[in-house]
Amino acid sequence: MSKSIVLLGSTGSIGVNSLIIAKQYNIVIEALVAGSNIDLLNQQIATHAPKRVVIANERDKHRVNHHNVHCGADAILTLIEESQSTTIVNALVGYAGLAPTLKATNLGKRVALANKESLVVAGEFIDMSLITPIDSEHFGLWYLMNDRPVSKLYITASGGAFRDWEINKMKDARFSDALKHPNWSMGNKITIDSATMTNKLFELLEAKWLFHTSNIDAMIEKKSIIHALCEFKDGSTTAHFAGVDMKLPIAFALQGEVTDEILPPTDLLSMGGLEFLPIEAERYPIWNIKEHILNNPHLGVVVNAANEVAIEKFQNEKCSFFGMSDIVLDAYEKFGDVKASNIEDVVTIDKEVRVYAN
Ligand code: NDP
Ligand code: MG
């Protein structure tokens with residue numbers, strides 16, 4: 001019998017790539033979950049023939065070409081509960097991805113997890129033995145690590161849309177400017193998070209939960225050819241090179257083992273020079289809290305909630321580019337003493353931070 005998956009966020013950047021890999025490996029798509037891009041969803045339904053579909057809003061239901069359509073966040077949880085698939089691919093964006101991750105893991109299902117916000121917000125309360133990350137850096141780290149004793153892990157950052165801008169000019173940067181990522185084509189939220197370096201902060205927390213270490217750092221590698229490095233106790237360092245394409249991590253997350261060519265190999269001779277640069281807090285103010293949050297990862301819920309509010313404000317021109325960091329750092333200070341004891345506390349803290357940040 002073919003393997004089957006439920007795909008949450010099918011119309012997004014990760015979702016679309018997941019369907020390409022699923023087709024390549026004859027993985028059955030039991031169900032698709034999308035937001036409001038109904039045209040693309042209808043194409044996916046025609047190609048993959050899911051048994052069930054969930055969309056965000058009731059108002060779009062009549063446009064979906066399927067006999068079994070449900071709507072809203074609770075319908076996603078019911079779908080996971082009633083699904084036959086033992087793997088759920090979670091490619092939803094933001095806090096909305098947390099409840100589905102928890103539902104799936106509580107049912108003992110494996111989660112191929114692109115939604116890193118789940119780990120940032122509630123890593124402490126998620127059964128990590130059921131999580132396989134879909135993130136190029138964490139895939140790179142996993143690929144590099146072996147039984148040798150590791151001394152430190154590194155992930156790389158592209159530096160985002162403004163890495164080469166004058167800092168003064170960044171003060172007036174607009175949402176559309178921040179969406180111009182130099183290397184990757186991704187959804188809007190993660191592209192903004194790359195410009196502020198919040199994405200890399202989240203990835204450090206993600207690595208913390210995945211690999212059980214706070215001994216991890218990040219640096220800029222502008223070409224995004226090296227995704228991760230592993231420093232061993234003996235003094236040697238290995239680096240993971242791969243193309244700028246999420247299909248490789250997705251293939252491993254869905255298949256476990258991959259022996260076919262997913263991407264063309266890196267052409268070392270055409271690559272030119274490689275450069276590693278520090279991440280500077282002047283350009284990326286969020287970096288001021290890096291050490292503190294790595295030692296206090298339960299504060300991820302605060303940063304995530306404030307960050308989601310800040311992005312919305314920036315998009316609606318209610319705050320400047322650096323205004324986003326101001327909102328997040330202010331909330332981080334204000335809520336520095338909170339500590340969730342369970343998932344209900346996480347939900348409460350998330351709500352309180354959003355009210356405050358707004
Ligand atoms: P996109 O914005 O491209 O996709 C998000 C998906 O979620 C879309 O299918 C969207 O539907 C769907 N969605 C949004 N809101 C709802 C809702 N309320 N109900 C149901 N579906 C909803 O994001 P990405 O694919 O870029 O990112 C997804 C996750 O993966 C993020 O957590 C990101 O950080 C992570 N990630 C992404 C990478 C990338 O290369 N893109 C790399 C590593 C991690 P619709 O479009 O139909 O509205
Ligand atoms: Mg990444």
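Reply: This is a predicted model. By class, the shell around ligand 1 holds 12 nonpolar, 10 polar and three charged residues.

Me: What makes Gly-35 and Glu-117 part of the shell around ligand 1?

Reply: The cut-off is a heavy atom within 4 Å of the molecule. The shell has 25 residues, and Gly-35 and Glu-117 are among those that come nearest, with Thr-11, Asn-37 and Gly-187.

Me: Which backbone distances does ligand 1 have to Ile-14 and Ser-36?

Reply: For Ile-14, a polar backbone atom is 3.0 Å from an oxygen atom of ligand 1. For Ser-36, a backbone N or O atom is 2.9 Å from an oxygen atom of the ligand. Both values fall within 3.5 Å, so both pairs count as polar contacts. On its own, ligand 1 has 900 Å² of accessible area, and the protein covers 82% of that.

Me: How do you know that ligand 1 lies between domain 1 and domain 2?

Reply: Look at where the shell comes from. Domain 1 (4-133) gives residues, and domain 2 (147-244 + 275-295) gives residues too, so ligand 1 lies between them.

Me: What makes a space a cavity and not a pocket?

Reply: In a cavity a 1.4 Å probe fits but cannot get out, whereas a pocket is open. The whole structure has three cavities of 30 Å³ or more. The largest cavity has a volume of about 70 Å³. It is lined by 13 residues, with Val-121, Ala-122, Glu-124, Phe-125 and His-298 closest to its centre. Helix α5 (residues 117-122) gives the largest share of this lining, four residues. The classes are 10 nonpolar, two polar and one charged.

Me: What lines the second largest pocket?

Reply: This pocket has a volume of about 340 Å³. Its lining has 18 residues, and Arg-110, Ile-131, Thr-132, Pro-133 and Trp-142 lie nearest the centre. At least two residues each come from β7 (131-133), α6 (136-144), α10 (198-211) and α11 (247-255). The largest share, four residues, is from α11.

Me: How do you know that both domains contribute to the second largest pocket?

Reply: Domain 1 (4-133) and domain 2 (147-244 + 275-295) each supply at least three residues of the lining. By class, the lining divides into 11 nonpolar, five polar and two charged residues.

How values were computed. Residues numbered from 1 in each chain as written. Chains lettered and ligands numbered in written order. Predicted model: local features only at pLDDT ≥ 70, side-chain atom pairs only at ≥ 80, totals over all residues. Heavy atoms only, no water. Polar contact = N/O pair within 3.5 Å; in protein donor to acceptor, adjacent residues only side chain to side chain. Areas by Shrake-Rupley, 256 points an atom, 1.4 Å probe, with all protein chains shown as cover. Nonpolar A, V, L, I, M, F, W, Y, C, P; charged D, E, K, R; others polar. Domains from an automatic or database assignment. 1 Å grid on protein atoms, 1.4 Å probe; cavity = no way out; pocket = protein on both sides within 12 Å on 5 of 7 lines; lining within 4 Å. Points joined across faces, edges and corners; volume = space filled by probe spheres on them.
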